[in-house]
Amino acid sequence: MLKADIGLFGLAVMGSNLALNIAENGYKVAVSNRSPSKIDDIMDMAGELSGQFIPNADLGAFVQSVKKPRSIIIMVKAGKAVDLTIEALLEYMEEGDAIIEAGNANYRDSMRRYEDLRVRGIGFLGVGVSGGEEGARFGPSIMVGGTKEQWHNAEEILTAISAKFNGEPCAAYLGTSGAGHFVKTIHNGIEYADMQMIAEVFGVMRDGLGMTPAECAQVFKNWNKGSLNSYLVEITAHVLEAVDEKTGKPLVELILDKAGQKGTGRWSAIAAQELGVAATTIEGAVAARSISALKDERIAAQSIYGAPGAGNADISLEQLEQALLAGKIAAYAQGFAIMSKASEENGWELPLGTIARIWRAGCIIRSGFLDQMAKSYEKEQTVNLLVAPDFVKIMQANNGALREVVAAGARGAFPLPCLCAALSYFDGYRQANGTASLIQGQRDFFGAHGFILTDREGEQHGNWPSTL
Ligand code: NBP
């Protein structure tokens, strides 16, 4: 019997769409799932592609139906389900085969699985897949980490099913071990910051400029034609113009203002903290979601202090557009800085230019300026986007508007945690003479931690007065 080119276990939303994408690209795919009903579902969905599928509820038969060396994608719920699935598959897999874990894994789990499988002679690819359901079906961005030899076994298929930007595939091998899932985590961290900044700008429009959701939608549509061109700005316009069929009201006015989170934003912020890299825009976004969850407390606090945003914001739509652009660049600069440090610490040699290139299509943070970012990281020794020549020009032209919007937010009591963080990051990064001298003095005062004096060699201590 003809064997499958690749196997795919886990046929919920992501797995079934990925399997259909693989089949449509002309590859034979073996499919399986814990609950056999989902295998029947995909065969019903497959239609004229059904000849490309080899369905099997029995795990052994599923593994046997894949060509050697086998590449088997796992697309199940992140966490324990992945470990249980790997253990079950291992019973039937042979040396040289590989497991491709394509869910939203914590990169630390991918590092552990990579090591566990390496000693058992099985390759492991931890693969970040971005683009949601539609991306999985028609072309996601694919961030690969793990065993390089096994990447070559699966490269052709993963490249074929990925999104394309001007014909270039948005799939790449980025480094060993957990590199792929680390990059996907930071992708999601940037996504958190990007979404939060858009929401903050919407807040100023709604509360400070008195605009309706439909009017805001029109503005985001226009912005999507310019420098802010991006998937998130595009979908923001669609969300804002949606109307609830039952009431005729704008849907956004009926959606409860509590944001969910599954953890990747928090993982990004934790990774940045551990690496000693500033990720204030991502932290601001995670914190904003946490505050959003406190609906009852927010209602009680508003009854004490009054509603924020009273009074008109003295700000133009053009300034909001420019502020959003500057804020987004600061968020991307932080994301890339985290990846750069993680790469150094873990010996991953993450190719930052390639990462920007595979984010240009298919993924949630695809934006017009990612092409420019790719070129900056590929052509120049960019230590931080804020000092890459193309982005210096953008920041010089737009940081003034960011400052005005943040000031208007402070005056009008519009919470702008991410835009504020972006501005402070920019101001801190470009300040040659900072205030950490005072921190060092304080640390030496209470803890004898020592400090360096700029005019002499070696660690020094102050002759501090006693405060007892
Ligand atoms: P879910 O995250 O909803 O997981 C459902 C799948 O996991 C089903 O196939 C289910 O099998 C299987 N499963 C569970 Br639950 N426990 C299992 C176990 N103990 N052993 C074996 N299988 C088990 O699916 P999804 O939304 O398709 O997402 C898959 C992965 O992709 C996740 O890691 C997710 O975070 C990631 N991701 C999702 C999106 C998105 O937009 N949804 C985007 C990007 C990445 P069953 O049918 O027998 O219950």
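**Domains**

I began with the domains and noted that the C-alpha centres of domain 1 and domain 2 lie 32 Å apart. Domain 1 covers 6-177 and domain 2 covers 185-429; these bounds come from an automatic or database domain assignment. I recorded that this is a predicted model, in which local features need pLDDT of at least 70 and side-chain atom pairs count only at pLDDT 80 or more, while totals for chains, interfaces and linings use all residues. Residues are numbered from 1 along each chain as its sequence is written, and side-chain values use heavy atoms, with hydrogens and water left out.

I then looked up the interface. In contact (heavy atoms within 4.5 Å) are 26 residues of domain 1 and 22 residues of domain 2. The two domains bury about 1800 Å² between them, 60% of it on carbon and sulfur atoms. I took buried area as the accessible area (1.4 Å probe) that two parts lose on being put together, summed over both. Tyr 107, Phe 165 and Leu 174 supply 30% of the area that domain 1 buries against domain 2, more than any other three residues.

**Salt bridges**

I counted a salt bridge where a side-chain nitrogen of Lys or Arg is within 4 Å of a carboxyl oxygen of Asp or Glu. The count by this rule is 26, and between domain 1 and domain 2 it is 3. I noted the pair Arg 360 and Glu 168, at 3.0 Å from N to O. I also noted Arg 137 and Glu 24, whose closest N and O atoms are 3.1 Å apart. This pair links distant parts of the chain, 113 residues apart: Arg 137 is in helix H6 (residues 132-138) and Glu 24 in helix H1 (residues 13-24). Helices (H or I, at least four residues) and strands (E, at least two) are DSSP runs, numbered from the N terminus.

**Helix packing**

I examined helix H8 (residues 179-208) against helix H12 (residues 264-275): they pack at about 110 degrees, with axes 8 Å apart. Axes are lines fitted to C-alpha atoms, for helices over the stretch in contact, and angles run from 0 to 180 degrees between N-to-C directions. H8 and H12 are therefore roughly perpendicular, a term for 65 to 115 degrees. Among the contact residues I listed Phe 182 and Tyr 192 of H8 and Trp 267 and Leu 275 of H12.

**Backbone**

I found a cis peptide bond from Lys 68 to Pro 69, with omega near -10 degrees. Pro 69 is in the loop between helix H3 (59-64) and strand E4 (71-74).

How values were computed: Angles under 35 degrees count as roughly parallel, over 145 as roughly antiparallel, 65 to 115 as roughly perpendicular and the rest as oblique.
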